[in-house]
Amino acid sequence: MKRIYLVAAIAALFAVQFVSCDDEETYAEQKEREAKQINAYLAEHDIDVISLDEFLRDTITDNPETGPDFSRNEYVLFSDRGVYMQIVRRGQGREMKSGELWNLNARYVETYVGTGDTMTMNLFQDSADKLYIKRTGDNYTASFTSGIMSTAYGNTVPNSWIMVFPYIRPGFLNGESSAKVRIISPHNEGTRTAAQSVYPAFYEINISTEKWQ
């Protein structure tokens, strides 16, 4: 439990930092700062941005970890949402069907894009974060049920997390069976703290399926 409260305290510290910025900047200035931070992050990490149309041809994002072109570090940009996504590993399960509700486990790291500092993570916790995801037609809804994210930010799952589910097939076990994704999330698609304080976050998430219903 001490680890959970420590990570939550770190998140609260970042929130205070950004709220103080809010007092000095207009919303337009905050969004401009965020855009500059994201662009700097893309350049620093040699990220090749591809369009959604390019991605949908094969639903592959080349990356140095799983390839198939190990020389590229591709992220697909959802231009209408400002979210960048890389699928490192799709997973060895199956796609979610309409009408289903899945219980999932997530191991993740959340990083502040502006500095590279870790805000929250659960890699060293005894238990992964738990959430459920439900698909109705092409609409996906989700909620955290326990873990670091719910402790730090509440039960609402960031929209940027939900956006990955049409493209992954998480299996029952961690490791190669699980899905692994990386996300660069602008404030409006992130946690409620990010939305309030206008900052971008990077997530690396391993997702495994606990139960299909």
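Predicted model: local features only at pLDDT ≥ 70, side-chain atom pairs only at ≥ 80, totals over all residues.
A search of the whole structure returns 2 cavities of 30 Å³ or more. Around the largest cavity lie Ala106, Leu131, Trp161, Val164, Phe165, Val181, Ile183, Ile205 and Ile207. Two or more lining residues come from each of the strands β8 (179–185) and β9 (201–212). By class, this lining consists of 9 nonpolar residues, with no polar and no charged ones.

The second largest cavity holds about 30 Å³ of space. Its lining is made up of Met96, Trp102, Phe165, Ile168 and Pro170, which divide into 5 nonpolar, no polar and no charged residues. Phe165 is listed in the lining of the largest cavity and also in that of the second largest cavity.

## Overall fold

The protein contains 6 helices and 9 strands. Of its 213 residues, 51% are buried. Among contacts between residues at least 6 apart in sequence, 67% join residues at least 24 apart.

The accessible surface of the protein amounts to about 10400 Å². Carbon and sulfur atoms account for 50% of that surface.

## Aromatic pairs around tyrosine 167

The count of aromatic pairs comes to 7. One of them joins phenylalanine 55 and tyrosine 167, whose ring centres are 5.3 Å apart; the planes stand at 75°, over the 60 degrees required, so the pair is edge-to-face. Phenylalanine 55 belongs to helix α3 (residues 52–58) and tyrosine 167 to the loop between α5 (159–162) and β8, so this pair ties together parts that are 112 residues apart in sequence. Both phenylalanine 55 and tyrosine 167 are buried.

Tyrosine 167 also pairs with phenylalanine 78: the ring centres are 6.1 Å apart and the planes are at 45°, so the pair is tilted. Phenylalanine 78 lies in strand β2 (residues 74–78), and tyrosine 167 in the loop between α5 and β8, so the parts tied together here are 89 residues apart in sequence. With a relative accessible area of 6%, phenylalanine 78 is buried. Tyrosine 167 has a relative accessible area of 17%, under the 20% cut-off, and therefore counts as buried.

## A linked ring cluster

Ring pairs link Tyr108, Phe144, Trp161 and Tyr203 into a cluster. Trp161 of this cluster is also one of the residues lining the largest cavity.

Key: Residues numbered from 1 in each chain as written. Heavy atoms only, no water. 1 Å grid on protein atoms, 1.4 Å probe; cavity = no way out; pocket = protein on both sides within 12 Å on 5 of 7 lines; lining within 4 Å. Points joined across faces, edges and corners; volume = space filled by probe spheres on them. Helix = DSSP H or I, 4+ residues; strand = E, 2+ residues; numbered from the N terminus. Nonpolar A, V, L, I, M, F, W, Y, C, P; charged D, E, K, R; others polar. Buried < 20%, exposed > 50% of the residue type's maximum accessible area, 1.4 Å probe, protein only. Contact = heavy atoms within 4.5 Å. Areas by Shrake-Rupley, 256 points an atom, 1.4 Å probe, with all protein chains shown as cover. Phe/Tyr/Trp six-rings, centres within 6.5 Å; stacked < 30°, edge-to-face > 60°.
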